[in-house]
Amino acid sequence: MKKTFILLFLAAITLTSCSSDGDQGPQGPQGPAGADGLIGSVIDIESDFTAGNNYELGINFNDYNLEVFETDAVLVYLKTGEDGVADGAPVEVWRQMPQTYFINGEALQYNFDYTYFNVLIYLEGTVDFATLDSSYTDNQVLRVVVVPAEFSKDTSVDLSNMSAVLNALNLDQSEIKTMSISH
């Protein structure tokens with residue numbers, strides 16, 4: 001029994017003392033910078049909701065060179081106006097979607113769904129879309145924010161506050177791509 005134990009002990013020491021260390025390979029490329037390793041993407045879309053596009057806007061992320069992973073989240077905000085001026089520029093008012101409006105007792109909702117390939121932004125509700133005032137359908141500005149999965153660990157960020165989300169992702173206005181979609 002002692003011989004078996006000694007042999008196993010010697011074999012274990014021999015195996016663990018063998019090293020497969022060799023020359024260290026070259027250092028890999030530097031990864032992209034982000035806030036604590038988080039990399040988010042933002043695009044602004046301006047377009048119209050019309051009968052011709054079935055009152056929906058489809059955005060393929062590859063068309064905008066956005067890399068979206070299956071675990072990422074997508075947030076969409078609707079620009080609802082401007083409120084004054086700060087630093088010589090208008091202060092934009094954004095609301096997180098879905099966003100519901102009641103018009104003459106009927107409901108209109110701006111909503112969206114997404115995959116890691118695309119996002120679909122659409123109108124739904126009980127109102128007849130064809131009778132809507134153009135302020136609800138034309139020249140709509142939507143902000144699409146791709147949020148890395150790691151971001152969800154920070155529960156202190158108010159996702160309904162688009163500025164707070166951009167700040168947490170360390171993104172500023174200069175990094176937002178603006179696109180027009182015509183259908």
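Helices (H or I, at least four residues) and strands (E, at least two) are taken here as DSSP runs, numbered from the N terminus. On that basis the chain has two helices and nine strands, and from the N terminus on its elements run α-β-β-β-β-β-β-β-β-α-β. This is a predicted model, in which local features need pLDDT of at least 70 and side-chain atom pairs count only at pLDDT 80 or more, whereas totals for chains, interfaces and linings use all residues. Residues are numbered from 1 along each chain as its sequence is written, and side-chain values use heavy atoms, with hydrogens and water left out.

**Burial and contacts of the chain**
- Of the 183 residues, 33% count as buried, where buried means under 20% relative accessible area, exposed over 50% and partly exposed in between, with a 1.4 Å probe and protein chains only.
- Among contacts (heavy atoms within 4.5 Å) between residues at least 6 apart in sequence, 60% join residues at least 24 apart.

**Nonpolar cores**
- A nonpolar core is a set of buried Ala, Val, Leu, Ile, Met, Phe, Trp, Tyr and Cys residues joined through side-chain atoms within 4.5 Å.
- The largest such core has 29 residues, and those with the most contacts inside it are Ile59, Val119, Ile121 and Val144.
- The elements that give two or more residues to this core are β1, β2, β3 (73-86), β5 (99-103), β6 (106-114), β7 (118-125) and β8 (140-147).
- A second, separate core of 15 residues includes Val147, Met162, Leu166 and Ile176.
- Leaving aside residues up to four places away in sequence, Ile59 touches Ile43, Ile45, Tyr64, Phe117, Asn118, Val119, Ile121, Val144 and Ile181.

**A buried loop residue**
- Asn53 lies in the loop between β1 (41-47) and β2 (56-60), and counts as buried because its relative accessibility is 9%.
- A polar atom of the Asn53 side chain lies 3.0 Å from the backbone nitrogen of Tyr55.

**The largest pocket**
- A pocket is an open set of points, on a 1 Å grid over the protein atoms alone, where a 1.4 Å probe fits, with protein on both sides within 12 Å along at least five of seven lines; lining residues have an atom within 4 Å of a point.
- About 250 Å³ of space lies in the largest pocket, the volume being the space filled by probe spheres set on the points, which are joined across faces, edges and corners.
- Its lining residues include Ala86, Trp94, Arg143, Ser160 and Gln173.
- β4 (89-96) and α2 (162-168) are the elements that give two or more residues to the lining of the largest pocket, and β4 gives the most, with five.

Note on methods. Polar contact = N/O pair within 3.5 Å; in protein donor to acceptor, adjacent residues only side chain to side chain.
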